[in-house]
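This report describes a single protein chain for a reader new to structural analysis. Look over the sequence and the model before reading on.

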Amino acid sequence: MKQSQSIGVSLCKQSDQAKMDYRIRLQASIDCIRHCVRQGQALRGHDESESSKNRGNFIELLKFHARGREGVESVVLRNAPKNLQMTSPDIQKDIVHAIASEVTKQIICDIGDDVFSILVDEARDTSIKEQMAIVLRYVNDEGYVMERLLGIAHISDTKALTLKMEIESILVRNGLSLSRIRGQGYDGASNMSGEINGLKALILAENSSAYYVHCFAHQLQLTLVAVAKQHGDVSGFFTLVTNLINLVGGSCKRMDNIRESQAAKVVEALCCGELETGRGLNQEVGLKRPCDTRWGSHFDTLLNLPVIYSSVIDCLDIIKSEAKGEAKGEAYVTLMCIKTFDFAFILHVMIKVLAITNELSKSLKRKDQDIVNAMHLVRGAKLRLQDLRDKGWESLLDSVVLFCKKECLPISNMDELYILSGRPRRNAQQITNMHHYKVELFYTVVDMQLQELNSRFDEVNTELLCCVACLNPDDAFVDFDKKRLLKLATFYPSEFSDDDILHLDPQLDTYIFDVKTDNRFTKLKGIPDLCREMVVAKKFRPFPLVYRLVKLALLLPVATASVERVFSAMNYVKNTLRSRMSDEGLNDFLVAYVESDILDRLDDECILQTFQDMKTRRGSL
């Protein structure tokens, strides 16, 4: 008689309400987990029971998120069904996996059917597991070069065949294949760059267009390490600096002495007007340990040493007078060695040399760096080093003398004979101080650096890169060479058939005439600018073959800095407190954390649906 009060209608109402409550509850959990992943925070706590004062980041954030929101607070945590609270560890993992899946889908969608390059490296995590990270380099629809993390996987060994199989597995899992690779970027390890059985050789055997480029930033670091180890005086200098850091940095009390002494000197200099005040000035500095595998660490170590030199001397004096045992003797010997003109001279020489290469290192780490610009940067660094050798002696000597006067160090007379310490004067080599410091130290160090740069960066002379350089739009396309660009097309037979190359010839003539007469293309700097401007100006439509060449040129990798950033993120995410994180969980967390800009753009409905479709759930949307 009254249909609105029937059992069927009542059940439907309860079902609709349950679905709404489930959606609100799941959405609240996704919002909280999304925030934790975005910040790289752990989800779970040590004790998640209701009596715990801290139930972990996720549940505590969920409680805060629901507080004061009637629509949310009434359906989560205590107010939710016991078997459908959406807060269990498995639910948390599934939500993170759903988020990572959506991020990866966005990356794959951004690539589309286009080709790409791979950047690969391995590193050990806090659980003593070897992890391999894969980063894809591609050009998106807007003409921007992108480097995105595809995934990270645990590998049982670092053999080239094992790496190739794992790479292929990850690519296939995401709907990609080895045949679409157009560039490989690794470090110079034998398992990566071996000509016969290396990873690059195995991939080239299946795909001849997957050209390998040795990481420029890694090669640059090798040049610095080579100079630091091959030159006797420089090698001894860095050994002394390392011992100095171990001595003064091995105790909190000693570091406190350096900070207090330096703070007092800064205050005194400010009162005397020797230093200026301002935001970001006169910050506290310390001593970093130089490391052969840490890019730029040698320069960072030396850069701060002249600033806190007097404070370090004061600290060593305290250790020499108060310490006992080996520390007392080490402080005495170190103090004798660093209070010399030789130490001050090599310190300033290496700062001058490393300052040039450090700027190159920072430029090479940019994600959108192209191979042509990297080649120009290397040439620029060589020219600057040559200019330092030809014209930098006088200013270098003046800066060393000024430093010695300020710190009350002995100053060598350049006209006197150089006496090598530990050798009798009668057997001393008859050379002046000028010859020793200028020729044997300054010229030799700069020449060794130049020689290493020339030998390490031999890729710049290969035919492929010489052809790619012809696309450079600098100086109104002065490097344009049609013959070399036609030759470049033959390096990629999958992209350019014989018929395409025939059509490319007249298209290049029309293209160069068009861009030279277009004001939008007159002030471009580098191939990345050219690619973006071709998209903005719609030039990729009348010149599709030229645009294809431009994109292939941008795919050639420059440095594996993006992979190194992934490992830095891995050490932050999987730390000693989270060392039991599973391999799948680490991959999901890292993909979402590293690609946070994609995470911010994800639609909540997509995450909800992906989570719901993963398995059968008690609740329904």
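## Nonpolar cores

The largest nonpolar core holds 121 residues, and L316, F345, I371 and L488 touch the most other members. A nonpolar core here is a set of buried Ala, Val, Leu, Ile, Met, Phe, Trp, Tyr and Cys residues joined through side-chain atoms within 4.5 Å. Buried means under 20% relative accessible area, exposed means over 50%, and partly exposed is in between, using a 1.4 Å probe and protein chains only. Helix α14, residues 341-364, gives the most to this core, with 14 residues. Helices (H or I, at least four residues) and strands (E, at least two) are DSSP runs numbered from the N terminus.

Leaving out residues up to four places away in sequence, L316 touches L244, L247, V248, A331, T334, L335 and I338. A contact means heavy atoms within 4.5 Å. There is also a second, separate core of 78 residues, which includes V75, A123, L136 and L590.

## How the model is read

The model is predicted: local features need pLDDT of at least 70, side-chain atom pairs count only at pLDDT 80 or more, and totals for chains, interfaces and linings use all residues. Residues are numbered from 1 along each chain as its sequence is written, and side-chain values use heavy atoms, with hydrogens and water left out.

## The chain as a whole

The secondary structure comes to 27 helices and five strands. Along the principal axes, the C-alpha atoms fill a box of roughly 125 × 75 × 50 Å.

Of the 621 residues in the chain, 49% are buried. Among contacts between residues at least 6 apart in sequence, 70% join residues at least 24 apart.

## Helices α14 and α17

How do α14 and helix α17 (residues 433-456) pack? Their angle is about 25 degrees and their axes are 11 Å apart. Axes are lines fitted to C-alpha atoms, for helices over the stretch in contact, and angles run from 0 to 180 degrees between N-to-C directions. Angles under 35 degrees count as roughly parallel, over 145 as roughly antiparallel, 65 to 115 as roughly perpendicular and the rest as oblique. The two helices α14 and α17 are therefore roughly parallel to each other.

The crossing of α14 past α17 is right-handed. A crossing is right-handed if the near helix is turned clockwise from the far one by less than a right angle, and left-handed if anticlockwise. On the α14 side the contact is made by F341, D342, F345, I346, V349, M350, V353 and T357, and on the α17 side by H436, Y437, L441, F442, V445, V446 and Q449. These residues divide into eleven nonpolar, three polar and one charged. Ala, Val, Leu, Ile, Met, Phe, Trp, Tyr, Cys and Pro count as nonpolar, Asp, Glu, Lys and Arg as charged, and the others, Gly among them, as polar.

## Helices α4 and α25

Helix α4 (residues 89-111) and helix α25 (residues 583-594) pack at an angle of about 55 degrees, with axes 8 Å apart. They are therefore oblique to each other, and their crossing is left-handed.

From α4, the residues V96, H97, I99, A100, V103 and T104 meet E584, D588, F589, V591 and A592 of α25. This contact has seven nonpolar, two polar and two charged residues.

## Helix α11

Helix α11 (residues 297-304) is mostly covered, with six of its eight residues buried. The buried ones are S297, H298, F299, T301, L302 and N304. They pack against α8 (216-230), α9 (232-249) and α14.

## Individual residues

Is T334 buried or exposed? T334 is buried, with a relative accessible area of 7%. T334 sits in helix α13 (residues 326-338) and touches L240, L244, L247 and L316, not counting residues up to four places away in sequence. By contrast, E322 in helix α12 (residues 309-322) is exposed, at a relative accessible area of 55%.

L77 is in the loop between α3 (70-73) and α4, while F477 lies in helix α19 (residues 474-477). L77 counts as buried at 12% relative accessibility, and F477 counts as buried at 3%.
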